[in-house]
Amino acid sequence: MTRMITIGAAQLGPINRTDSREMVVQRLISLLRQAHGAGCDLVVFPELALTTFFPRWFVENISETDHYYETEMPSPVTAPLFDEAKRLGIGFCLGYAELTPEGERFNTQILVEKDGTVVAKYRKVHIPGHEHNEPDRAFQHAERYYFTPSEEGFGVWKAFGARVGMMICNDRRWPESYRVMGLQGVEMILCGYNTPIHYIPDPSQDILQGFHNALVMQSGAYQNGTWVVGVAKGGVEEGVDSLGQSMIVAPSGQIVAQSLTTDDELIMAHCDMDWCERYTKTLFDFDRYRRPEVYTRITAQRGVELH
Ligand code: CDT
């Protein structure tokens, strides 16, 4: 018996700061309809899918950026997406900036089931970039100013007949993200991202952005026997060129679908959740082969300790 889920990765092209939420939601609905027409059970949208990637600008008074954040989900503006998904009977995963009633700001992703219920919410754990204005940079990456890192960690939820986990962008570069979910039996990890091609702290990495993107998701998938769905917001957005290369990776580590453009583009794959066991019951049978007693440094210390 196989447990098939047809997954769509709905890559987005650039969103400009003058684009209204209504316009963006219409783009999402159009991709959602394409995914439904192609037989998808679930469609995954990128990180911060409702707005431009605003951490590229530093705004001294952070409350002037409140309009980039969602205070409720769904809201009157995002409700048409929820309504259409429910009408079509397709699930979705959506990244957005969240402002809580307590005034906390998170980089958030939710998972919505086919009946329209929000089954899971994940808040980004690894927040990259910088906290303060760095005026000499060509553009900012002030995520550490705009978002609080989540203390909730990486959950795994039962949804779509599988065990589903989520992570956001920079989380995909850290093996711990995958492993914490792997230890909860994850079968499918959904990850939205915005990755500027120009990495200001070390431009020698620019040419390697696509390689590193594939490297981390393929190895994370293989080493944990899980599907990984990575979905970009790509293209030149407000003058900053961002990586596309959205992909769906099998538990073998093989890429089974990859985007060809840096614009709005749907890719899809028929994903057999039972394929995970070929890895998790053999080479990566954690219970049989892992040695947690010799890994204690992983949680005992943060940075390198020389001795
Ligand atoms: N959005 C996000 O996390 N982007 C980072 C950019 C590199 S750090 C400045 C990433 O890991 O792709």
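User: How many bridges join β6 to strand β7, and which way do the two run?
Analyst: Four bridges join them, and the two strands run antiparallel. Keep in mind that this is a predicted model. Strand β7 covers residues 162–168, and W157 stands opposite V164 in β7.

User: Which helix lies across β6 and β7?
Analyst: That's helix α4, residues 175–182. It lies across β8 (188–193) and β9 (227–232) as well, and runs at about 160° to β7. Helix α5 also packs on the sheet, where it touches β8, β9, β12 (247–249) and β13. The direction of α5 makes about 30° with that of β12.

User: What's the strand order in that sheet?
Analyst: Six strands go in the order β6-β7-β8-β9-β12-β13, forming an open sheet with mixed pairing. The edge strands, each pairing on one side only, are β6 (156–159) and β13 (255–258). On average, neighbouring strands are turned by 20° against each other, direction ignored.

User: Is F160 buried or exposed?
Analyst: F160 has 12% relative accessibility, so it counts as buried. The cut-off for buried is under 20%.

User: What about E238, where is that one?
Analyst: E238 is in the loop between β10 (235–237) and β11 (240–242). It has a positive phi too, about 50°, although it is not a glycine. With a relative accessible area of 29%, E238 is partly exposed.

User: New topic! Which peptide bond is cis, the one from M73 to what?
Analyst: The one from M73 to P74, with omega near 0°. P74 lies in the loop between β2 (42–44) and α2. Most peptide bonds are trans.

User: Now rings, please. How many aromatic pairs are there?
Analyst: The structure holds 13. One of them is F82 with F92: the ring centres are 5.0 Å apart and the planes are at 80°, so the pair is edge-to-face.

User: Why does that count as edge-to-face?
Analyst: Because planes over 60 degrees apart count as edge-to-face, and these are at 80°. F82 lies in helix α2 (residues 79–88) and F92 in strand β3 (residues 91–99), so the pair ties together parts that are ten residues apart in sequence. F82 is buried at 6% relative accessibility, and F92 is buried at 0%.

User: Which residues form an aromatic cluster?
Analyst: F54, F58, Y68, Y69, Y145, Y146 and F147 form one together.

User: And which charged end sits over the ring of F106?
Analyst: That of R123, at 4.2 Å from the centre of the F106 ring. R56 likewise lies over the face of W57, 5.3 Å from the ring centre.

User: Last one: how many residues are in the largest nonpolar core?
Analyst: It has 48 residues, and those with the most contacts inside it are L111, M188, L190 and I248. A second, separate core has 27 residues, among them A10, I15, V24 and A49. In soluble globular proteins, nonpolar side chains tend to be buried together.

Note on methods
Residues numbered from 1 in each chain as written. Predicted model: local features only at pLDDT ≥ 70, side-chain atom pairs only at ≥ 80, totals over all residues. Heavy atoms only, no water. Phe/Tyr/Trp six-rings, centres within 6.5 Å; stacked < 30°, edge-to-face > 60°. Buried < 20%, exposed > 50% of the residue type's maximum accessible area, 1.4 Å probe, protein only. Lys NZ or Arg CZ within 6 Å of the ring centre and 35° of its normal. Core = buried A, V, L, I, M, F, W, Y, C linked by side-chain atoms within 4.5 Å. Pairing = 2+ DSSP bridges. Axes fitted to C-alpha atoms, helices over the stretch in contact; angles between N-to-C directions. Contact = heavy atoms within 4.5 Å.
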